[in-house]
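Hi everyone, thanks for coming. I'd like to walk you through one model today, so please have a look at it first.

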Amino acid sequence: MRIYRVSGAVVEAEESTGVKMHELVLVGEANLVGEVIRIDGDRAFVQVYEDTYGLKPGEPIKSTGNPLSVELGPGLIGTIYDGIQRPLSSLREKEGAFIKRGISAPPLDRTKRWHFLPTAMVGQKVSGGQVLGYVQETEIVKHAVLVPPDVKGELQWVADEGDYSLEDPIAKLPSQELHLYHRWPVRTPRPYLERLPADEPLVTGQRIIDALFPIAKGGSAIIPGGFGTGKTVVQHQLAKWADADVVVYVGCGERGNEMTEVLRDFPKLVDPRTGKPLMMRTVLIANTSNMPVAAREASIYTGITIAEYFRDMGYNVALMADSTSRWAEALREISGRLEEMPGEEGYPPYLASRLAEFYERAGRVKTLQGNEGSVTVVGAVSPMGGDFSEPVTQNSLRFVQVFWGLDKDLADRRHFPSINWITSYSQYSSTVSSWWIKHTGEDWPDLVAEAFRVLQTENDLESLVRLVGIEALPESQKLTLLVARILREGFLQQNAFNDVDTYSSPRKQYLLLKAMIGFYRSSEKVIEKKIPEAEIEGLPIVQELIRARFTVSEELKLEDLVKRAEDAPKSLSGEIDRGDKM
């Protein structure tokens, strides 16, 4: 093949008979990495994952015969890759701060030796997904060495326990040798035995998410929001605190300074469950907005394939994609270079199907080896001007089960996380409620439903209050507004930078909510006895409930708070009763 024409990230090739769709090719004298994305007769169209400046018609294009694939094996954890799995730290060591085009490095370190503990035996018949042995990749992650999904046979030889590099054989089948790693094409979902119901929550420690809009292990969610609404901070909190064994963070097309902050902060974060660095269970993929646009398109496939690999070991994996809007913009640019008919707002007509391919790879499954594992996908969306009616948000909503809509007005009022409790929703609330009942209390669904009702009533009353003022409302509605404020400031708000408030255990969430709803129910009875709402609002317990998220961490103190919150309003009616008798 030879270059016929260059149009941005897309190269048109001639004399391309025999080339296959999604085949990996090396473009030009500089051997730039590219992928075939369209074939038209003897012409092939290649998206190039590096800058194409300087390419000229007539330069050769070499076929590799393989699809775009990633290497899967020990060494993934703690590594920072670009969109096509080139290790950025290795490239920097090789080239310095400015990386030349055409430079590559093995995704996994070939020189490092790993201590391999075999579990398979000679003569054993193995198939895809079965475990050959284990490598302790980090202090947190025990790495299972898997038979590649498309391989099966009888083991003729298995290596003894010892230290091996990635290129050393550790087992032999009649047809091939097996190593500590294997390759897998990024656009092909890794197989599993069956999909399991999403009935166990991914506990995040973020109260508004866990209580009001939960996500299940193996679920999918989007976080749309305009600039400054806190998408990245929410994803950082999920990566740090979510009940996941492995985190894959994909920065696809975000601004360079934001991604720099991620790369600088993540290595410093401490895993709260183990006390070890969070990077010991994290894989980072960085493809900023100033990097080649085609690699941005490939980055989420690279990330989801790595996530599926750890899922196949039986781990619960959380994948954060920040942001799918920039990924969709890459699709739009490449589609324009191919001169395809544009769809809504210039996006390609197949935007919806590509989003579906991505989000549908989330799931809780029974793996090929019979274990349970999950991939939970959380995609940030950056709609222009915070307009949720734009195509990326609307098409994403067709394929995800959770919508955490970030509100610019809430962010401007310094209410974080700025998730709007009126517009957001979760379709997992009913499926995970049995878990919450088992681990917190039987009244958990009732408490959540009551909190929703109070917040909805406050929203309905807002326009009336603006017209006639709060003093014109009956006492019962004034009480509803008071309790809504307690819920907003004391439960829904959460400070990611406060050591006590940054994470709330399920038990703490339950007791906080029980205290606030208990106060409300008790106060309703007091209001019926003609006690003015102003007296209830003046009780010290009101401010104590609002501040409890900062000041109370032990469960015993919270249980005491629940009792005092229920008793405090009763003291008002008791005093009136005594006065009447006198």
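Let me start with a question: how many residues lie between S24 and S25 in the hairpin that they form? There are 5 residues between S24 and S25, and Gly370 in the turn has a positive phi of about 95°. Helices (H or I, at least four residues) and strands (E, at least two) are DSSP runs here, numbered from the N terminus.

Some housekeeping before going on. This is a predicted model, in which local features need pLDDT of at least 70 and side-chain atom pairs count only at pLDDT 80 or more, while totals for chains, interfaces and linings use all residues. Residues are numbered from 1 along each chain as its sequence is written, and side-chain values use heavy atoms, with hydrogens and water left out.

pLDDT is the predictor's confidence in each residue, from 0 to 100. The protein averages 91, and 97% of the residues score at least 70. Over residues 575-582 the pLDDT is below 50, and beyond near neighbours in sequence this stretch has 1 contact in the model (contact means heavy atoms within 4.5 Å).

Back to the strands. Two strands pair if DSSP finds at least two bridges between them. S24 (residues 363-366) and S25 (residues 372-381) run antiparallel, joined by 4 bridges. Within that pairing, Arg364 stands opposite Ser374 in S25. S24 also has 3 bridges to strand S19 (residues 194-196), again antiparallel. There, Glu194 has Lys366 in S24 as its bridge partner.

A further sheet is worth a look. It is open, with 3 strands in the order S14-S16-S17 and antiparallel pairing. Strand S14 (157-158) and strand S17 (177-178) stand at the edges with a single partner strand each, so one side of each is left without a neighbour in the sheet. Strand S16 (residues 171-172) pairs with S17 over 2 bridges, and Lys172 stands opposite Glu177 in S17.

Lys172 also brings us to the rings. A charge sits over a ring if NZ of Lys or CZ of Arg is within 6 Å of the ring centre and within 35 degrees of the ring normal. Lys172 lies over the face of Trp157, at 5.7 Å from the ring centre. Arg110 lies over the face of Tyr181, at 4.7 Å from the ring centre.

Now for rings against rings. Rings of Phe, Tyr and Trp (its six-membered ring) pair if their centres lie within 6.5 Å; planes under 30 degrees apart count as stacked, over 60 as edge-to-face and the rest as tilted. By this rule the count comes to 10 aromatic pairs. One of them is Trp435 with Trp436, which is edge-to-face at 5.3 Å centre to centre and 75° between the planes.

Are Trp435 and Trp436 buried or exposed? For accessibility, buried means under 20% relative accessible area, exposed over 50%, and partly exposed in between (1.4 Å probe, protein chains only). Trp435 counts as buried because its relative accessibility is 17%, and Trp436 counts as buried at 1%. Ser430, in helix H10 (residues 429-439), counts as exposed at 58%.

Next, His182, in strand S18 (residues 182-185). His182 counts as buried, at 8% relative accessibility. Its side chain makes a polar contact of 3.2 Å with the side chain of Arg190. A polar contact is a pair of N or O atoms within 3.5 Å; within protein, one must be able to donate a hydrogen and the other to accept it, and residues adjacent in sequence count only if both atoms are side-chain atoms. Leaving aside neighbours within four places in sequence, the residues in contact with His182 include Val70, Leu146 and Tyr309.

Finally, some backbone geometry. Most residues other than glycine have a negative phi, and most peptide bonds are trans. Where are the cis bonds I'd point to? One runs from Asp322 to Ser323, with omega near 5°, and another joins Phe416 and Pro417, with omega about -5°. As for phi, Glu15 has a positive value of about 55° although it is not a glycine, and Glu15 is exposed at 52%. Phi of Glu339 is near 60°, and Glu339 counts as exposed at 63%.
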